[in-house]
Amino acid sequence: MAVDQQSDALPVAETESDLIDLPAGGELSDNDARPISSAVPTRLVVVAGPAECGKTTLVTSVFELFQWAQIPHHIFGGSATLPGFERRCHEARIASARVIPETQRTRYEDEDVRYLHLRICDAANVSVAVDVLFTDVSGENFERARDSTDYCRELTFLHRAEHFVVLLDGEKLAEATRRWGVIQDAQLLLQSCLDSDMLGTGTFLDVVIAKCDFLMPTGTAADPIPFDTKIETEFRAMFGARVGRIEFSQIAARPLRSPALPFGYGVADLVHRWATSTPRQKPLQLERRPIEGVRESERFYRRHFGTTE
Amino acid sequence: MTNPKQRHCLLVGLPAAGKTTFLAALWHLVHQIRMPCALKIDRLKGSSRYLNEMSNAWLNCTAVPRTNPGSEAIVAMELSESATGRVMTVVFPDLSGESFESQWTTRTMTQTFEKQLGGATGALFFINPTTVVEPTRIDQVAPAIAEVEALLADAAQDHSTDQHDLNESLPWKPEEAPTQVQLVELLQFIDSRRSSRVPFRSAVMISAWDRVALEGLTPAHWLRARMPLLWQYLTANERAFDSVIFGVSAQGGEYDAAVREQLSRMTPGERVQLVGSAVSNSHDLTEPIQWLMR
């Protein structure tokens with residue numbers, strides 16, 4: 001545009017043809033996520049569990065903690081889904097005019113997976129960054145996967161999961177009549193995913209009690225009751241050898257029942273784990289292995305194609 | 001072909017962020033000779049009616065009219081650098097805050113802006129600290145809400161008012177999103193539409209600095225404390241944005257009768273305050289522009 005010295009009026013009315021579409025910024029479909037995953041290494045974190053166990057609240061709490069710079073050792077490097085996060089955080093903000101915070105239930109017209117995106121950087125060295133895609137899948141899909149290995153195989157994103165986070169609803173664990181059903185449902189879901197070969201040793205498993213504030217004695221400042229060692233032992237015995245790693249955590253992403261617990265209790269530790277570890281990394285081998293074999297053809301083969309083991 | 005002696009700088013900010021007030025004060029400063037400035041007007045050329053009108057309002061200690069979408073203009077100043085004599089034409093499109101807000105709300109950008117972005121080497125990003133919307137959660141104000149709820153419950157008992165409304169949500173509106181989220185998105189749009197890989201020079205201008213100076217924070221500390229998401233984004237993306245943070249008071253104070261009386265007795269240039277680690281002259285609004293042009 002030619003610039004007259006001093007002032008020049010811009011066209012007052014911009015027609016629709018003058019407008020460039022920008023990314024919508026909502027949750028990403030597989031197609032939407034492809035440009036990100038093909039441009040930069042991405043890490044898929046699958047957050048699994050039945051309806052209303054706290055999956056979306058966990059993911060939005062990560063974003064909320066970054067809004068207040070409350071994740072030690074890591075800083076926010078960007079997001080392709082800012083409106084998606086904001087829409088999901090809305091009902092827990094004062095802007096909603098609610099008095100009790102809530103998280104909108106995940107509901108889509110189809111059963112396709114959606115993702116929310118965050119770039120997480122090392123606070124000490126910002127060039128060390130990981131683009132994380134969090135799944136946004138309705139609990140009903142995981143309930144169906146628990147009940148059917150065939151359906152489990154339809155959730156093709158599971159194959160790419162580097163971290164599989166299975167949530168146990170602490171509110172239900174606190175009720176003696178519902179506790180064992182919660183534990184069994186989580187175990188059946190894992191069993192189904194493993195037996196259908198959708199998860200395996202290429203996945204790190206996080207077994208997480210969500211809403212752990214329900215497991216605290218009411219009105220006290222005590223720490224939540226430690227994860228039951230019997231249950232932990234059981235999960236390890238059932239699944240420890242079938243996944244890359246198994247860890248146990250307790251979180252209270254939005255601890256309304258216990259003022260002693262801060263918002264996002266336990267979440268920062270999970271973020272640190274997701275951002276700093278992946279089952280896909282192999283240790284860098286810097287030392288040359290001695291070339292075995294006597295014949296030149298054997299040595300040639302090993303130099304260029306590795307061992308034949 | 002780009003004129004090497006012409007520098008395009010953008011003025012970016014949401015509505016009422018202080019962009020036009022800054023321009024009005026700047027126009028006065030580059031003309032006056034009472035106070036030293038790093039950049040001075042080299043010569044007038046063509047019409048300067050728009051700038052003169054803005055500057056007159058500023059001199060009279062009246063609010064500079066806000067730029068609305070119908071009054072956007074491109075402003076160009078031929079400036080010489082006092083230390084070196086180098087002459088540059090600095091071009092600022094004075095876009096309305098609504099045009100930036102609409103990038104976030106409507107997810108569209110005008111081709112005009114994209115073209116301006118392509119020719120720009122940097123931008124002044126304005127933030128009005130008095131209008132920042134924070135991402136305040138319900139749990140952060142729970143005790144106050146509990147009090148209000150108790151009062152409403154009492155009122156409901158007296159007047160048989162339906163209490164079910166307490167937990168109905170107002171719908172989400174993108175324009176009410178936290179300010180830091182909107183600004184991060186603007187930066188992401190700018191980064192995505194640029195073809196150059198040279199870091200985009202970004203002078204973050206915290207305007208109305210007189211209103212927050214009493215907090216005792218430097219501009220950088222203020223940004224980190226009050227808009228941590230934006231601070232983190234700029235820190236993490238130094239390769240895309242070469243940024244420095246200034247506090248600026250272009251008005252010199254809030255225009256009430258007493259303040260106007262006080263300001264009108266000052267040399268106009270002395271009303272201006274510029275604060276920051278990169279500042280050498282606290283009354284020189286041209287320093288951020290000089291930094292952008294390096």
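A:A275 is buried, with a relative accessible area of 16%; buried means under 20% by a 1.4 Å probe on protein chains only. This residue sits in helix α9 (residues 267-276) of chain A, where helices are DSSP runs of H or I with at least four residues, numbered from the N terminus. A:A275 touches A:R43, A:H74, A:I120 and A:V130, leaving out residues up to four places away in sequence; touching means heavy atoms within 4.5 Å.

A word on what you are looking at: this is a predicted model, in which local features need pLDDT of at least 70 and side-chain atom pairs count only at pLDDT 80 or more, while totals for chains, interfaces and linings use all residues. Residues are numbered from 1 along each chain as its sequence is written, chains are lettered from A and ligands numbered from 1 in the order in which they are written, and side-chain values use heavy atoms, without hydrogens and water.

Staying in chain A, find helix α4 (residues 139-147) and helix α7 (residues 176-195), whose axes come within 7 Å and cross at roughly 70°. The axes are lines fitted to C-alpha atoms over the stretch in contact, with angles from 0 to 180 degrees between N-to-C directions. The two helices are therefore roughly perpendicular to each other, a label for angles of 65 to 115 degrees. On the α4(A) side A:F142, A:A145 and A:R146 meet A:D185, A:L188, A:L189 and A:S192 of α7(A).

Now hop to chain B, where B:S249 is buried at 2% relative accessibility. B:S249 touches B:W209, B:D210, B:R271, B:V272 and B:Q273, again not counting residues up to four places away in sequence.

Note on methods:
Buried < 20%, exposed > 50% of the residue type's maximum accessible area, 1.4 Å probe, protein only. Parallel < 35°, antiparallel > 145°, perpendicular 65-115°, else oblique.
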